[in-house]
Amino acid sequence: MADEIEIEALVIRGRVRDSLGVALPRAVVTLTGPGGGRSLVKTRSADDGGFTVTAPTHGEYLLAAFSPQLGSQSVAVRLEGRAVEVEFRIDVPGATLQD
């Protein structure tokens, strides 16, 4: 059970959506070190835009999501003993958000 808790502390879960809230399936999600560079973990988002990646150790990382149609977005993530949730909202060119 202790191993499960330790692995859970290295998990990053989230969703990739466009700025209108529509799920982006098959977006490429990449985890790298804080300065970018070599990819440590790479996956694709599911049909609902959801993804899960597991980092190799605690520390700081750069998490990026890329959609061929819309481009990419990245966020700095720090893992310090518990799972992290990330929501990507990639801008739709020319779209305006309504209140």
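In these legends, contact means heavy atoms within 4.5 Å, and every view shows a predicted model.

**View 1. Overall arrangement of the protein chain, which has 1 helix and 7 strands.** Read from the N terminus, the elements of the protein chain follow the order α-β-β-β-β-β-β-β. Of the 99 residues in the protein chain, 36% are buried, and the chain exposes about 6,200 Å², of which carbon and sulfur atoms supply 50%. Among contacts in the protein chain with a separation of 6 or more, 54% are accounted for by residues 24 or more positions apart.

View 2. Because its relative accessible area is 8%, which falls under the 20% cut-off, Thr 32 counts as buried. When neighbours within four places in sequence are left aside, Thr 32 is in contact with Gly 37, Arg 38, Ser 39 and Leu 40, and also with Tyr 61 and Leu 62.

**View 3. The largest nonpolar core, with 19 residues.** The residues with the most contacts inside this core are Ile 12, Val 16, Phe 51, Leu 63 and Val 86. At least two residues of the core are supplied by each of β1 (11-18), β2, β4 (50-54), β5 (59-67), β6 (71-79) and β7 (84-90), and β7 gives the most, with 4 residues.

**View 4. The contacts of Phe 51, one of the residues with the most contacts inside the largest nonpolar core.** With neighbours within four places in sequence left aside, Phe 51 is in contact with Ile 12, Arg 13, Gly 14, Arg 15 and Val 16, as well as with Val 29, Thr 43, Ser 45, Leu 63, Val 86 and Phe 88. Among these partners, Ile 12, Val 16, Leu 63 and Val 86 are themselves listed with Phe 51 as having the most contacts inside the core.

**View 5. An open sheet formed by 3 strands in the order β4-β1-β7.** The pairing in this sheet is mixed; β4 and β7 stand at the edges, and each has a single partner strand, so one side of each is left without a neighbour in the sheet. From one strand to the next, the twist averages 25°.

**View 6. The parallel pairing of β1 with β7.** These two strands are joined by 7 bridges, and Arg 13 has Glu 85 in β7 as its bridge partner.

Terms used: Residues are numbered from 1 along each chain as its sequence is written. This is a predicted model: local features need pLDDT of at least 70, side-chain atom pairs count only at pLDDT 80 or more; totals for chains, interfaces and linings use all residues. Side-chain values use heavy atoms; hydrogens and water are left out. Buried means under 20% relative accessible area, exposed over 50%, partly exposed in between (1.4 Å probe, protein chains only). A nonpolar core is a set of buried Ala, Val, Leu, Ile, Met, Phe, Trp, Tyr and Cys residues joined through side-chain atoms within 4.5 Å. Two strands pair if DSSP finds at least two bridges between them. Axes are lines fitted to C-alpha atoms, for helices over the stretch in contact, and angles run from 0 to 180 degrees between N-to-C directions. Accessible areas come from the Shrake-Rupley method with a 1.4 Å probe; for residues, only the protein chains shown count as cover.
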